[in-house]
Amino acid sequence: MTWQEFTALLVLASAMSFSPGPNTTLSTTLAANGGLRRAMRFVCAVPVGWSLLLLLTAAGLGALVTAAPALRLAVKAAGIAYLLWMAWRLWGADRMAQASAAQLRVGFWQGVGLQFVNIKAWLLALAIVAGWVSGQAQPMLRTGIVTGVMILFALASNLAYATAGALLRGWLAQGRRLLMFNRAMALLLVLTAAWMVKA
């Protein structure tokens with residue numbers, strides 16, 4: 001892989017990983033409501049799920065999904081349903097304990113699985129495989145390089161968003177701020193779901 005290709009990969013990874021999406025919104029929300037420690041299960045699940053998705057896409061799953069409109073629609077529908085369900089659960093959470101205990105139970109394996117119904121993750125995986133792996137010399141080496149880069153960016157971006165959420169925790173505990181924050185995050189999830197409908 002040339003340095004130009006690697007630089008382009010880093011630019012894409014930065015833009016896609018640090019822009020708001022389902023993962024970063026959930027990382028922020030989980031940490032704001034339950035603290036950074038509680039959010040770490042999800043923060044660590046994102047790079048694991050993402051790397052599995054990327055590896056399976058490189059192995060041919062991406063071609064299967066793009067070739068089968070019904071399968072693509074099923075992935076999209078599941079992702080939209082999950083985001084809307086999370087938004088609905090989040091909408092009424094106005095106390096830290098309520099939000100962390102009852103509304104926002106997102107474990108490690110749910111976080112891993114969420115990557116497979118995340119249209120943004122699919123689009124990125126397909127773009128990376130098409131641009132940096134398919135039809136190139138040493139596809140296994142290239143897959144290893146892009147997977148390593150994307151794992152680091154997925155971890156860094158979700159940890160950064162979760163840290164921001166955790167830093168807001170004390171401020172959010174006052175008055176109705178948490179309810180307003182959770183409703184704003186719920187609306188972001190709904191907007192992400194709306195974007196997924198058009199994607």
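The protein has 10 helices and zero strands. Along the sequence, the pattern reads α-α-α-α-α-α-α-α-α-α. The model is predicted.

**Overall dimensions**
- The radius of gyration is 17 Å, which agrees with the value near 16 Å that a compact globule of 199 residues would have.
- Taken along the principal axes, the C-alpha atoms fill a box of roughly 60 × 35 × 25 Å.
- The accessible surface comes to about 9500 Å². Carbon and sulfur atoms hold 72% of that surface.

**Burial and contacts**
- Of the 199 residues, 44% count as buried.
- Among contacts with a separation of 6 or more, 85% link residues 24 or more positions apart.

**Nonpolar core**
- The largest nonpolar core has 47 residues. W50, L54, I128 and M150 have the most contacts inside this core.
- Two or more core residues come from each of α1 (3-18), α2 (22-34), α3 (36-67), α4 (69-91), α7 (119-133), α8 (139-167) and α10 (177-198).
- α7 gives the most to this core, with nine residues.
- I128 is in contact with L9, L12, W50, L54, V133, V146 and M150, leaving aside neighbours within four places in sequence.

**Helix α8**
- α8 has 29 residues. From first C-alpha to last, α8 reaches 42 Å, close to the 42 Å expected at 1.5 Å a residue.
- The buried residues of α8 are R142, T143, V146, T147, V149, M150, F153, A154, S157, N158, A162 and G165.
- Two of these buried residues, V146 and M150, are in contact with I128.

Methods. Residues are numbered from 1 along each chain as its sequence is written. This is a predicted model: local features need pLDDT of at least 70, side-chain atom pairs count only at pLDDT 80 or more; totals for chains, interfaces and linings use all residues. Side-chain values use heavy atoms; hydrogens and water are left out. A nonpolar core is a set of buried Ala, Val, Leu, Ile, Met, Phe, Trp, Tyr and Cys residues joined through side-chain atoms within 4.5 Å. Buried means under 20% relative accessible area, exposed over 50%, partly exposed in between (1.4 Å probe, protein chains only). Helices (H or I, at least four residues) and strands (E, at least two) are DSSP runs, numbered from the N terminus. Contact means heavy atoms within 4.5 Å. The expected span of a helix is 1.5 Å times one less than its number of residues. The radius of gyration is taken over C-alpha atoms; the globule rule is 2.2 Å times the number of residues to the power 0.38. Accessible areas come from the Shrake-Rupley method with a 1.4 Å probe; for residues, only the protein chains shown count as cover.
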